[in-house]
Amino acid sequence: MSAEATNPAVSPAPAPPTTNRRKGRPRIDLRRLGRAALLGPATRDRLPDAISHLADAHRAHHPDADLDPLRRAYVLAESSHRGQMRKSGEPYITHPLAVTLILAELGAETTTLTASLLHDTVEDTDVTLDQVREEFGEEVRYLVDGVTKLEKVDYGAAAEPETFRKMLVATGNDVRVMSIKLADRLHNMRTLGVMRPEKQERIAKVTRDVLIPLAERLGVQALKTELEDLVFAILHPEEYEHTRALIVDNAARENDPLAEISEEVRGVLREAGIQAEVLIRPRHFVSVHRVSRKRGQLRGSDFGRLLVLVNEDADCYAVLGELHTCLTPVVSEFKDFIAVPKFNLYQSLHTAVARGDGQVAEVLIRTHQMHKVAEAGVVALGNPYAAPAEEQTDGEGERVDPTRPGWLSRLLDWQEAAPDADMFWSTLREDLAQDREITVFRPDGGTLGLPEGASCVDAAYAQYGEDAHACIGARVNGRLATLSTVLKDGDTVQLLMGQDPASEPSREWLEHARTPGARIAIQRWLATHPSPAAEEHEERDGERKDETPAPRPAHDEAAATSGAANAVVVVGRPEVSVRLAGCCTPVPPDEVTGFAVRGGVVTVHRVECAAVTRMKGLGRAEIDVRWGDTTEFRVTLVAESFQRPHLLADLTEAIALEGVAIVSATVEPPTQQRVRHTYTLQLPDAAHLPALMRAMRNVPGVYDVGRAQHQAPAAH
């Protein structure tokens with residue numbers, strides 16, 4: 001069977017705390033659905049008793065829904081699965097019923113529910129896709145086919161990348177495919193109890209690493225939070241039991257500070273004449289655990305949050321104003337996800353209010369529609385293809401999903417751009433590991449959603465796609481910044497683009513790219529534009545066995561030898577001549593090592609220098625060296641800057657003001673409006689180096705200053 005499930009009575013975790021449901025309809029315990037779903041064969045013309053709960057849940061969200069497709073889908077599924085049993089001994093039909101009820105509770109439309117009832121028939125019975133198309137139409141066939149393909153995917157670390165890639169492409173084309181898959185996994189996780197412990201752990205890890213991040217990106221918080229709790233119970237049973245005890249103890253307390261604060265909030269909004277529903281929203285187990293680890297001793301108000309539901313967007317801000325006026329706001333907790341929605345469509349205002357006794361209540365303010373989307377994500381958006389045809393095609397007859405979150409749109413771009421499946425797989429796994437997003441602003445008022453830790457490189461490719469190859473710099477909050485600058489939430493980023501159509505990305509950009517879009521674009525360009533100079537250099541390095549170091553320009557030689565005898569001491573051999581390597585220009589307190597070269601000279605390198613790795617690989621013996629007592633040193637620095645008048649004069653003045661002597665300077669011809677300056681400098685004290693580099697970076701137009709890493713061989 002495709003669904004791995006067991007006895008619901010021994011589920012590893014209780015149902016997580018839930019939000020308030022519609023009044024007048026009792027909560028259905030999906031885990032106890034079991035055999036009660038099978039109340040005998042259905043007649044041809046009436047709704048089967050087995051799906052009455054499903055019909056009630058569906059009509060609660062879609063009062064005018066046509067239930068006939070559900071009746072016919074159930075009849076086909078029940079007859080096809082008849083005789084098949086789950087591992088717990090229950091009739092197999094209970095599984096697709098439970099999965100479909102989960103989706104109905106979230107507000108899925110009829111087509112999704114119909115496909116959900118049939119989602120295992122093609123894989124596990126004699127039903128064919130052609131039969132599904134004839135009975136229910138192309139849309140249902142498409143969804144059933146997509147889910148059937150997902151069932152064959154191994155989601156673990158050993159998953160075959162190309163299969164996973166195809167699966168996600170199918171998901172990107174229709175988010176309802178993954179919605180059914182997530183509900184399927186949730187029901188299986190709820191009924192995982194009698195599986196062998198090692199199998200429970202394997203399934204839980206796959207759910208944690210792949211499916212929970214996907215649920216987050218699809219905005220299906222109701223599924224995501226319960227999956228998190230079920231995984232938590234299996235992978236961290238001791239911490240889960242401790243958290244459960246905290247929740248039980250808090251529930252038994254006489255005074256609930258959240259209830260008291262909620263009454264106060266209701267009073268404030270009632271006096272202001274704002275119609276609003278104020279609810280207490282309990283935290284789920286993983287959320288309580290995170291707060292406990294962050295704050296230590298928990299307060300009563302830490303076990304939940306207040307949820308304020310209103311009718312219009314403007315009412316959200318009216319509520320916020322009243323709360324901040326009449327109660328004590330915790331200003332640092334305010335976030336506006338209405339003006340700037342999250343990447344998964346989430347919208348809400350976040351704030352917090354404090355009482356005199358130290359209790360702080362977090363408050364979420366949103367409209368009823370925002371709340372529906374916050375809980376159910378893409379599931380709550382209905383059938384994305386049901387609008388008028390002229391609004392739903394791209395001009396070539398292709399289906400267009402106007403509600404698809406930006407992440408899924410980007411995913412399709414990644415899979416098309418990635419040179420191979422392995423690259424797509426690795427970049428996707430990196431992206432799924434990111435659980436926080438920041439918003440940065442463009443000068444024109446637009447926004448870019450990026451993962452936490454993203455750099456200006458990521459912003460460039462997010463805004464310009466492959467045209468970002470021509471990016472030559474950036475301004476962050478009005479100040480010149482390097483492309484490696486890590487962005488913070490709320491930063492304003494202006495990307496500076498070169499005019500040369502032959503512009504190319506730097507290999508170093510890969511070190512600063514955090515988004516799959518940026519990494520794939522850079523890697524694809526590098527793969528199709530190998531550097532002849534780099535290949536020649538690597539070949540020459542690989543063939544060179546001579547111990548004689550490559551010749552360097554005269555100013556590097558001077559920098560390497562002048563004063564070096566006093567600067568470095570060879571341990572046990574103080575009389576030996578030493579030379580500071582020009583490739584890495586070591587200065588105190590760099591950790592250094594040495595290698596003997598011809599003439600009895602010892603060259604000194606920083607231990608992280610690439611030349612050290614190369615020589616050790618050739619079997620060269622290291623020589624123990626240490627810094628001597630001298631304070632005066634020479635160092636080679638490279639300044640990268642944008643081309644502008646008087647830049648050389650300004651840099652020279654900045655260096656002189658730091659009391660540093662310039663031994664020599666080289667300015668390379670401008671390339672793509674960028675200029676590279678190389679300075680060999682005499683420092684009165686090596687400890688002064690950081691201040692010198694800061695002073696050089698502060699010169700307008702300079703976007704990076706670093707130690708020289710490699711000196712090209714001199715021309716013969």
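In helix α14 (residues 285-295), the residues Phe 285, Val 286, Ser 287, Val 288, His 289, Val 291 and Ser 292 are buried, where buried means under 20% relative accessible area, exposed means over 50% and partly exposed lies in between, computed with a 1.4 Å probe on protein chains only. Helices, here and below, are DSSP runs of H or I with at least four residues, strands are runs of E with at least two, and both are numbered from the N terminus. The buried residues of α14 pack against α11 and α12 (237-251), a contact being heavy atoms within 4.5 Å. Just after α14, Gly 296 takes a positive phi of about 80°.

The model is predicted: local features need pLDDT of at least 70, side-chain atom pairs count only at pLDDT 80 or more, and totals for chains, interfaces and linings use all residues. Residues are numbered from 1 along each chain as its sequence is written, and side-chain values use heavy atoms, with hydrogens and water left out.

The protein chain as a whole contains 26 helices and 20 strands. Of its 716 residues, 52% are buried. Among contacts between residues at least 6 apart in sequence, 69% join residues at least 24 apart.

Two packed helices are described by the angle between their axes and the distance between the axes. The axes are lines fitted to C-alpha atoms, for helices over the stretch in contact, and the angles run from 0 to 180 degrees between N-to-C directions. Helix α11 (residues 221-235), one of the partners of α14, also packs with helix α10 (residues 197-217), at an angle of about 155° and with the axes 9 Å apart. The two helices, α10 and α11, are therefore roughly antiparallel to each other; angles over 145 degrees count as such, those under 35 as roughly parallel, those from 65 to 115 as roughly perpendicular, and the rest as oblique. The crossing of α10 past α11 is left-handed, a term used if the near helix is turned anticlockwise from the far one by less than a right angle, with right-handed used if it is turned clockwise. On the α10 side, the residues in contact include Gln 200, Ala 204, Arg 208 and Ile 212, while those of α11 include Lys 224, Leu 227, Val 231 and Leu 235. The residues of this contact of α10 with α11 divide into seven nonpolar, three polar and six charged. In this division Ala, Val, Leu, Ile, Met, Phe, Trp, Tyr, Cys and Pro count as nonpolar, Asp, Glu, Lys and Arg as charged, and the others, Gly among them, as polar.

Another helix pair is formed by α13 (residues 257-271) and α15 (residues 313-326), which pack at an angle of about 115° with their axes 10 Å apart. That angle makes α13 roughly perpendicular to α15. Here α13 passes α15 in a right-handed crossing. Val 265, Val 268 and Leu 269 of α13 meet Val 319, Glu 322, Leu 323 and Cys 326 of α15. This contact of α13 with α15 divides into six nonpolar residues, no polar ones and one charged.

Attention now turns to the aromatic rings. Rings of Phe, Tyr and Trp (its six-membered ring) pair if their centres lie within 6.5 Å; planes under 30 degrees apart count as stacked, over 60 as edge-to-face and the rest as tilted. By this rule the count comes to four aromatic pairs. The rings of Phe 337 and Tyr 346 have centres 6.0 Å apart and planes at 70°, so this pair is edge-to-face. Phe 337 is buried at 16% relative accessibility, and Tyr 346 is buried at 12%. Tyr 461 and Trp 509 also form an edge-to-face pair, because their ring centres are 6.3 Å apart and their planes stand at 75°. This pair links distant parts of the chain, 48 residues apart: Tyr 461 lies in helix α19 (residues 456-464) and Trp 509 in the loop between β11 (493-497) and α20 (516-528). Tyr 461 is buried, with a relative accessible area of 7%, and Trp 509 counts as buried at 7%.

Finally, two single residues may be considered. Leu 637 lies in strand β17 (residues 633-642) and is buried at 0% relative accessibility. The C-alpha atoms of Leu 637 and Met 696, 59 residues apart along the chain, are separated by 10.0 Å. Asn 477, in the loop between β9 (471-476) and β10 (479-481), has a positive phi of about 55° although it is not a glycine. With a relative accessible area of 46%, Asn 477 is partly exposed.
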